[in-house]
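Here's a quick briefing to read alongside the structure. Grab your viewer and follow along.

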Amino acid sequence: MTQLALVIDLNVCVGCHACVTSCKEWNTSGEAGPMVDQNPYGKDPTGTFFNRVQTFEVGEFPNAETIHFPKSCLHCEDPPCVPVCPTGASYKRKEDGIVLVDYDKCIGCKYCSWACPYGMREFDEAQKVMKKCTLCVDRLYDPQMTAEERRPACVRACPTSARLYGDIHDPESEVSRAIREAGGYQLMPEWGASPANHYLPRRKTKLRLRPDEIERADNPLKVDGLLPKPDKSEPSLDDVTTW
Amino acid sequence: MHPAFSVIFLTTLIGAGQGLFLALFTAQSYALFDLLPQQDSQTFYAYGSLIALLFLIGGLVASFFHLGRPERAWRSATQWRTSWLSREVIVLPAFMGMVFLYGLAHFFEFKPVLATLPGNVAIDFTVVVGTIAWLLAFVLYVCTAMIYACLRFLREWYSSLTVINYILLGGASGFTLATVFAAIAAPELVRFFAGWAVIITLLGLVSRVASLIRNARLKPKSTLQSAIGIKHPKIVQKSQGFMGGSFNTREFFHGRSGGFLRSIKWIFLLLAFVIPVLLLATGLSGGAAVELLLLAFVVQYLGLMAERWFFFAQANHPQNLYYQAVG
């Protein structure tokens, strides 16, 4: 079975919102659109978005770190929003695991939005139906597109390749490897929805050096009572003048 | 959560309608075994059913205002295998139909005896229809409550107390309404209905206070740490990704202060339970003024609306963790 999903690398995301705008651009004119705005240029602008980038500060100054956190439907493997739908408008595709809303069946009761612990569903004020990320399902199988183009708009737009896309049930896919090798995790695992989208944590590359790796304990000069020159405290030109 | 008035009206109106029907059928069951005097089919049961039906219709109409696409509402009966909302959509009209049939049979005195119990107790058509409707009334309470009680991460709702409260609070307002109705249509039943209304209201007070205590002791399972998956005791949101509002900032916040919430809690405890019980107590002695009993129902209904508002407002959705700061 296939489960298409995104893997978002928080180590790489720079918070540029390119995925947000490209998502809106593609989907407002695509099959899932229109994603209507209210008061776009007035007071209190609002509108429908499938994807957002949020920013969190972890820790306290001076040991604070900024985390940019892209947030879109996680296409849960056991989606709590689907069984509560009274009309069957909300469904999870068997063939690729994408969770979708049938706009022609949705009655706009908003119950599914209550049933999503992540708040990933939005009610479209103009069309009066529930909308959500489609993983750009209208791109993924388009025979007129090249293989490169048959990926979600947000993935294509990301300038830092923080968004990976693929089948997380295929152990050899790029996303499965990333989850396995870079510690991919799920959001709010406590609710058991098993979100398909994973996040890769911030990773820090640290050089771990022991003191004896910095200064050779068995340096033969020490046996002779001589010290290396220049001295440790003096400026040096590595590989040129030192021992 | 943001309390929607359509849902507040739906749940309180049908709750009272169901409760009134339960009261009527309780009286008929007692009368069947000669524990209460027989009542006139038309002026008591038929008109009583009509009042119950009007409340149910009011609730149904209110529910349509909750929908974005009410013209497709019929579709919501299809997913009864998985969705409590769908089950409610089926049971509500079924219950309304049975109440209508019950009232109609009483109005035209269509009472063919279908069976006879030992002791010469005749089970006629209205008793059979009434029993089915009686069962459906309880099924409907359960369906309505389970819509909320089945959402496991809305922990204020995810409790059997939610179901018990819906049954008891709906039943309380229904029996209070029945007391008012009896004061007009069948004065000898006022004491009977007032007694049950007081008992159910007090039971409702106990279970509602129990759920208030339970909810006050809840510790959130989801935290900002689990929401974004970063293990650090101090995480602060700096931006939710947009400056204007969105569905996420409107639907899941009640938009009132903590003080307002607390005052609503005391208001509904007073209006839905304390004052109605005191007013109903006048009916216990018999010969109570209709106006006082009507006041008891109106006050209790307003109190239950406040209770329902508080019920929604108190539920804290975990998605709110993602919407703490505008930017």
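Strand β4 (residues 51-58) of chain A and β3 (235-239) of chain B run antiparallel and are joined by 4 bridges. This is a predicted model, in which local features need pLDDT of at least 70 and side-chain atom pairs count only at pLDDT 80 or more, while totals for chains, interfaces and linings use all residues. Residues are numbered from 1 along each chain as its sequence is written, with chains lettered from A and ligands numbered from 1 in the order in which they are written.

- A:Glu57 has B:Val236 in β3(B) as its bridge partner.
- The strands sit in an open sheet of 3, ordered β5(A)-β4(A)-β3(B), with antiparallel pairing (strands pair if DSSP finds at least two bridges between them).
- β5 (65-72) of chain A and β3 of chain B are at the edges with a single partner strand each, so one side of each has no neighbour in the sheet.
- From one strand to the next, the twist averages 35 degrees.
- Helix α1 (residues 18-29) of chain A lies across β4 and β5 of chain A, at about 165 degrees to β4(A).
- Helices (H or I, at least four residues) and strands (E, at least two) are DSSP runs, numbered from the N terminus.

**Where the chains touch**
- Chain B puts 45 residues in contact with 46 residues of chain A (contact means C-beta atoms, placed from the backbone, within 7 Å).
- On the chain B side, α3 (84-107), α7 (224-228), β3 (235-239) and α8 (247-251) each supply at least two residues.
- β3(B) gives the largest share of that side, 5 residues.
- That side of chain B has 16 nonpolar, 21 polar and 8 charged residues (Ala, Val, Leu, Ile, Met, Phe, Trp, Tyr, Cys and Pro count as nonpolar, Asp, Glu, Lys and Arg as charged, and the others, Gly among them, as polar).

**A helix pair in chain B**
- The axes of helix α5 (residues 160-185) and helix α10 (residues 290-314), both of chain B, come within 9 Å and cross at roughly 160 degrees (axes are lines fitted to C-alpha atoms, for helices over the stretch in contact, and angles run from 0 to 180 degrees between N-to-C directions).
- That makes α5(B) roughly antiparallel to α10(B) (angles over 145 degrees count as such).
- Residues of the α5(B) contact with α10(B) split into 13 nonpolar, 4 polar and 1 charged.

**Confidence**
- Chain B averages a pLDDT of 94, and 99% of its residues score at least 70 (pLDDT is the predictor's confidence in each residue, from 0 to 100).
- For the complex, the predictor gives an ipTM of 0.91 and a pTM of 0.90.

Definitions and conventions. Parallel < 35°, antiparallel > 145°, perpendicular 65-115°, else oblique. Contact = placed C-beta atoms within 7 Å.
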